[in-house]
Amino acid sequence: MSRGISYITGSQLLSLRRLPNIAIIDVRDDERSFDGHIAGSLHYASDTFTDRISNLIQEVKGKDTLVFHCALSQVRGPTCARRLANYLEEVKEDGGIKNIMVLERGFNGWEAAGRPVCRCTGIPCKDESA
């Protein structure tokens with residue numbers, strides 16, 4: 001049985017993002033360095049995502065909801081979310097991950113709506129929201 005992927009609005013994510021069970025996964029590539037990011041998000045660039053899935057699963061231990069996004073959440077975000085879902089199906093281990101979601105309208109929609117953006121260059125993010 002295939003694992004489903006659902007969508008979450010920016011408003012919904014804004015109210016939920018500080019919960020300890022949620023991880024936000026930014027799969028944009030170099031633009032993250034220039035455009036900022038959602039505070040507290042983890043960076044797993046789409047071009048190396050498949051090779052780093054096992055690292056991601058380790059980094060999100062204890063989280064049951066992962067929210068993926070790219071710039072618009074039309075290609076890279078949904079693609080990486082599906083790759084993770086397929087990987088979890090193949091290895092028959094969910095790592096505690098119950099929900100895989102994609103942020104509607106991506107980072108560009110998040111920022112355009114005036115939601116907080118962090119411009120730190122730290123890894124991990126230092127959560128310096130604007």
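This is a predicted model: local features need pLDDT of at least 70, side-chain atom pairs count only at pLDDT 80 or more; totals for chains, interfaces and linings use all residues.
Q: Noted. By class, what does the lining of the largest pocket have?
A: It has 6 nonpolar, 6 polar and 3 charged residues.

Q: How much space lies in that largest pocket?
A: About 310 Å³.

Q: And which residues lie nearest its centre?
A: Arg32, His43, Gly122, Ile123 and Pro124, out of 15 lining residues.

Q: Which elements give two or more residues to that lining?
A: Helix 2 (31-35) and strand 3 (42-43).

Q: What about the second largest pocket, how much space is there?
A: About 200 Å³. The lining of this second largest pocket comes to 13 residues, and Arg17, Ile22, Ala23, Gly40 and Lys63 are the closest to its centre.

Q: Which strand gives the most to that lining?
A: Strand 2, residues 22-26, with 3 residues.

Q: How do the lining residues of the second largest pocket divide into nonpolar, polar and charged?
A: There are 6 nonpolar, 2 polar and 5 charged.

Q: Switching to charges. How many salt bridges?
A: The count is 3.

Q: What does arginine 28 form a salt bridge with?
A: Aspartate 26. The closest N and O atoms of that pair are 2.7 Å apart.

Q: Are arginine 28 and aspartate 26 buried or exposed?
A: Both arginine 28 and aspartate 26 are buried.

Q: Which side chain meets aspartate 29 in a salt bridge?
A: That of arginine 76, at 3.3 Å, N to O. Aspartate 29 sits in the loop between strand 2 and helix 2, and arginine 76 in helix 4 (residues 76-91), so this pair ties together parts that are 47 residues apart in sequence.

Q: Why does arginine 76 count as partly exposed?
A: Because its relative accessibility is 23%. Buried would need under 20%, and exposed over 50%.

Q: And which residue pairs with arginine 119 in a salt bridge?
A: Glutamate 111, with the closest N and O atoms 2.9 Å apart. Glutamate 111 counts as partly exposed, at 31% relative accessibility.

Q: Now the cysteines. How many disulfides?
A: The count is 0. Cysteine 70 is in no disulfide, and the nearest cysteine sulfur to it, that of cysteine 80, is 8.1 Å away. A disulfide needs the sulfur atoms within 2.5 Å.

Q: Is cysteine 70 buried or exposed?
A: Cysteine 70 counts as buried, at 3% relative accessibility. Cysteine 80 is in no disulfide either. Cysteine 80 is buried as well, with a relative accessible area of 1%.

Q: What domain does the UniProt annotation give?
A: The unreviewed UniProt entry has "domain: Rhodanese", covering residues 18-119.

Q: How much helix and strand does the chain have over residues 18-119?
A: The chain is 34% helix and 17% strand there. The end C-alpha atoms of that stretch are 18 Å apart.

Q: Last one. Where is isoleucine 100, and is it buried or exposed?
A: Isoleucine 100 is in strand 5, residues 99-103. Isoleucine 100 is buried, with a relative accessible area of 2%.

Q: How far is the C-alpha of isoleucine 100 from that of leucine 13?
A: The two C-alpha atoms are separated by 13 Å. Along the chain, isoleucine 100 and leucine 13 are 87 residues apart.

Terms used. Residues are numbered from 1 along each chain as its sequence is written. Side-chain values use heavy atoms; hydrogens and water are left out. On a 1 Å grid over the protein atoms alone, a cavity is a set of points where a 1.4 Å probe fits but cannot get out, and a pocket is an open set with protein on both sides within 12 Å along at least five of seven lines; lining residues have an atom within 4 Å of a point. Grid points are joined across faces, edges and corners, and a volume is the space filled by probe spheres set on the points. Helices (H or I, at least four residues) and strands (E, at least two) are DSSP runs, numbered from the N terminus. Ala, Val, Leu, Ile, Met, Phe, Trp, Tyr, Cys and Pro count as nonpolar, Asp, Glu, Lys and Arg as charged, and the others, Gly among them, as polar. A salt bridge is a side-chain nitrogen of Lys or Arg within 4 Å of a carboxyl oxygen of Asp or Glu. Buried means under 20% relative accessible area, exposed over 50%, partly exposed in between (1.4 Å probe, protein chains only). UniProt positions are given in the numbering used here, feature names are shortened, and annotations may be inferred rather than shown by experiment.
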